[in-house]
Amino acid sequence: MANEITYSGLKGKFSYDYRLLRQSMIDALYETTNQVISHLRQKRLNAFESTAERFPAPPTLTAAALTDGTDMTNTAFAPTTVTLTVGEVGLLLQLTDLARFSSIADYAFYGSEAGKAVAEKLITDITALGAGFSTTIGSTGVNLTEQNFRDGKTTLIAAKVPGPYFAMLHPQQVNDLEGSIGSTISAAGTTGTSARAETNDLSMGPGLNAGTFYQVQVLSSSTVPTANAGADRAGMMAASGRALAYVEKWGARSELERDISKRATEVAVTSAYAVGELDDTSGVAIITDA
């Protein structure tokens, strides 16, 4: 008999739907988050039967002068360890058959939107870490200035923190910083070019990357949290690959499940990861007027 509805035929169709769904999520997720997690020390646990990753840090050692003919004494070597344990995040969308087959939007569209939501959650978790640094730059209720930015960089350099550095700021903080450019450098006293040209190019756009300033890459995100009862924003400046870490069990995973009594398909999207602070001296909080 011809024209049977076979399992292999249905499986092929759903495999195609899965591929479109997963690819759309991955594109939406990593297109946004790669700009941020590229500055974090990264570990992936997908190949290991574990939900936690340990990050050992060697102690700071000090050499001393020696006396001829005198035995050297042992120096204690006690490394510290930071452990990050992954947790799940996700969301569930339910698409009815009538909605799906009456619209040009299909699984790929909804997967892309779900990927953006997971990306937003990840970036929110990362920006929340800024307020945890012990050293704070800026003043409550006062706009972020060029001098604040230079103070943050100087603090890291003075602490012997290797670069490169990045800054994560709220759009309002970037706006205040842009308005302050030139306040510590007199263009007329240097080459006569504009203050912006003297201090690299900082230009906030609709994406995360706001350019570079004093050799520091500046990222801008509205997810940067408030501080001091909402009066301020808590941004940060930190050393790439040293201050913060990202551990991933899986980045974006999708599942399709039919609810035939409702004539709908459930689209479940999950990710499992952890973010955390590795080294307190490798970052500073930038807390300025919101």
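Student: How many helices and strands does the chain have?
Tutor: This is a predicted model, in which local features need pLDDT of at least 70 and side-chain atom pairs count only at pLDDT 80 or more, while totals for chains, interfaces and linings use all residues. Residues are numbered from 1 along each chain as its sequence is written, and side-chain values use heavy atoms, with hydrogens and water left out. Counting DSSP runs from the N terminus, with helices (H or I) of at least four residues and strands (E) of at least two, the chain has 6 helices and 13 strands.

Student: What percentage of the residues in the chain is buried?
Tutor: A residue is buried under 20% relative accessible area, exposed over 50% and partly exposed in between, for a 1.4 Å probe and protein chains only. Of the 290 residues in the chain, the buried share is 38%.

Student: Is Gln173 buried or exposed?
Tutor: Gln173 belongs to helix 5, which covers residues 171–180. Because its relative accessibility is 0%, Gln173 counts as buried.

Student: With which residue does the side chain of Gln173 make a polar contact?
Tutor: Contact means heavy atoms within 4.5 Å, and beyond its neighbours within four places in sequence Gln173 touches Leu144, Val224, Arg233, Gly235, Ile286 and Thr288. A polar contact is a pair of N or O atoms within 3.5 Å, where within protein one must be able to donate a hydrogen and the other to accept it, and residues adjacent in sequence count only if both atoms are side-chain atoms. At 2.9 Å, such a contact joins the side chain of Gln173 to that of Thr288.

Student: How many residues apart are Arg258 and Asp97, the pair that links distant parts of the chain?
Tutor: The whole structure holds 5 salt bridges, each a side-chain nitrogen of Lys or Arg within 4 Å of a carboxyl oxygen of Asp or Glu. One of them joins Arg258 to Asp97, with the closest N and O atoms 2.8 Å apart. Arg258 is in strand 11 (residues 244–259) and Asp97 in helix 2 (residues 97–100), a separation in residues of 161.

Student: Which strand gives the most to the lining of the largest pocket?
Tutor: On a 1 Å grid over the protein atoms alone, a pocket is an open set of points where a 1.4 Å probe fits, with protein on both sides within 12 Å along at least five of seven lines, and lining residues have an atom within 4 Å of a point. The largest pocket holds about 480 Å³, a volume being the space filled by probe spheres set on the points, which are joined across faces, edges and corners. Of its 18 lining residues, the closest to the centre are Ala57, Pro58, Arg242, Asp279 and Ser282. With 3 residues, the element that gives the most is strand 2.
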